[in-house]
Amino acid sequence: MRLLFLVCVAASAHDIITTPITWSREISRIIYTRCASCHRPGGMAFSLMTYKEARPWVVAIREEVLTRRMPPWGAVKGFGDFRNDQALTPEEMELIVNWSEGGVPEGEEKHLPKPPKFDKPPGLPKGGIVVKGDYQLGRKFTLDGIVPVAAAPMKLVAELPDGSIEPLLWLENYRPEFAHPFLLRKPLDLPAGTWIRGVPPGASIRLLQK
Amino acid sequence: MKRRVFLGALTANLLPAQDPNTIFICPMDPDVRQHDPGTCPRCGMKLASGLPEPTEYHLDLTTTPRAIRPGQPINLTFAVTDPWKHRPVTKFQVVHERLFHMFIVSQDLEFFLHDHPVFAPDGQFHYNNLVLPKPGMYRVLGDFYPDAATPQLISKTLLVAGPAPAPMQVSEARKSDAMTLATVPERPIAGMNTQLHFTLTPGTGLQQYLGAWAHMLVASDDLIDLIHLHPFIADGSPQIQFNATLPRPDHTYRVWVQFQRNGTVNTERFDVRATDLR
């Protein structure tokens, strides 16, 4: 959040509109889906729920999403596949860039989606195998998720006895203050003898079992 | 321009009910989507028109054999499922003359492939006899458009056993056998629009390739950013302009440009460094 405050700029009333992308139709849907669990009244960060609230932050929003500091998902898309993935898609990033470059239009109120409802976020799952450094599974294991314990940038892979290598998790910009698990979209069966590699010295993870 | 075409397509799907591109969705089965009003073939409910969320579909990539060896052919299978009911998606819209565009880039950014897996009766896309030349990580970008949804750009990763390749060898060249590149600004700034002006030599015999005068893939040196673009300005003349926003400072981005001349597809590449404004 610190960086957001540094680069916040005042709204201009004289932006030239050059994009069909609007807050009401596209951007609000992205914000509600990806950001509003924290950025809402009563949330853990300032609200971005309305155009009036989001407009002054547009430069910061753009920079944060392009550098993938926000949302604080902390993993690279497409290296592992997660059912609780909160990272922006390339399309969503493109929409935000286009909207910010194109004059930040508000659009028509009738296109606004209903504000989302939020459940209390689940805590970190407990249990699992703690892995430090390379680790060989002594028995078959159905992997359901990964929890960073002592986080560091890492590319976590599973080397199976058949010689195949499965990408599990590529941590980049993971922030412990936004600790969360990475829950696989499909549980992964790992036979006995599989090597878990990629945890750097000083870091550790927990492998969650299905 | 890819970006505008893409955004236009996306926007068209988000237009209000009176628009001919309105999407009708089953309230009970959100994976049932079509452009015409009617009832859900699954549950019989009346389909409702609405503004669909820009939802990310699921793409599963499997290889046969599962273990990938450098220099050994493998077959790829891409399966698309909807994010609500996890049912296979079998209806797709054509994007630039194909149902599925596949880009593959190697860890050292030396290997580049843009090709088109074929949709098969099993409801999946197949690409056979792919040979990955070296050990290391390969990033795969799938570009497809499920019917009555929003366009999808989904990346996957293939890992080939063996020692990691040497890091990317950066080139500062701005001229190749087929084209020259000039950027505006000369030193691109991360997060800001960069114009990439290409001049083709010779400038004759140019033809559209897959529905565009040129195609571009941009990959960051760490393979985190993968961006697919089409020209901002192009009309068949030797001048082609792309606009790109390079996301992160202090990274080099390799751009591959593809164009067709007299029936032959040409692929050229350049490296562009993104700097920090501050």
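1. Helices (H or I, at least four residues) and strands (E, at least two) are taken here as DSSP runs, numbered from the N terminus. On that basis chain B has one helix and 19 strands. The model is a predicted one.

2. Chain B holds 278 residues, and 38% of them count as buried. Among the contacts in chain B with a separation of 6 or more, 59% are between residues 24 or more positions apart.

3. In chain A, the domain assignment gives domain 1 as 2–111 and domain 2 as 129–209. The centres of domain 1 and domain 2 of chain A, taken over C-alpha atoms, are 31 Å apart. Twelve residues of domain 1 of chain A and 14 residues of domain 2 of chain A make the contact. On the side of domain 1 of chain A that touches domain 2 of chain A, five residues are nonpolar, three polar and four charged.

4. Also in chain A, helix α2 (residues 23–34) packs with helix α5 (residues 90–101) at an angle of about 130°, and their axes are 10 Å apart. The crossing in which α2(A) passes α5(A) is left-handed.

5. Which residues make this helix contact? From α2(A) they are A:Glu26, A:Ile27, A:Ile30 and A:Arg34; from α5(A) they are A:Glu92, A:Leu95, A:Ile96 and A:Trp99. The residues of the contact of α2(A) with α5(A) comprise five nonpolar and three charged, with no polar ones.

Key: Residues numbered from 1 in each chain as written. Chains lettered and ligands numbered in written order. Predicted model: local features only at pLDDT ≥ 70, side-chain atom pairs only at ≥ 80, totals over all residues. Axes fitted to C-alpha atoms, helices over the stretch in contact; angles between N-to-C directions. Left-handed = near helix turned anticlockwise from the far one by under 90°. Contact = placed C-beta atoms within 7 Å. Nonpolar A, V, L, I, M, F, W, Y, C, P; charged D, E, K, R; others polar. Domains from an automatic or database assignment. Buried ≥ 20, exposed ≤ 12 C-beta atoms within 10 Å, placed from the backbone.
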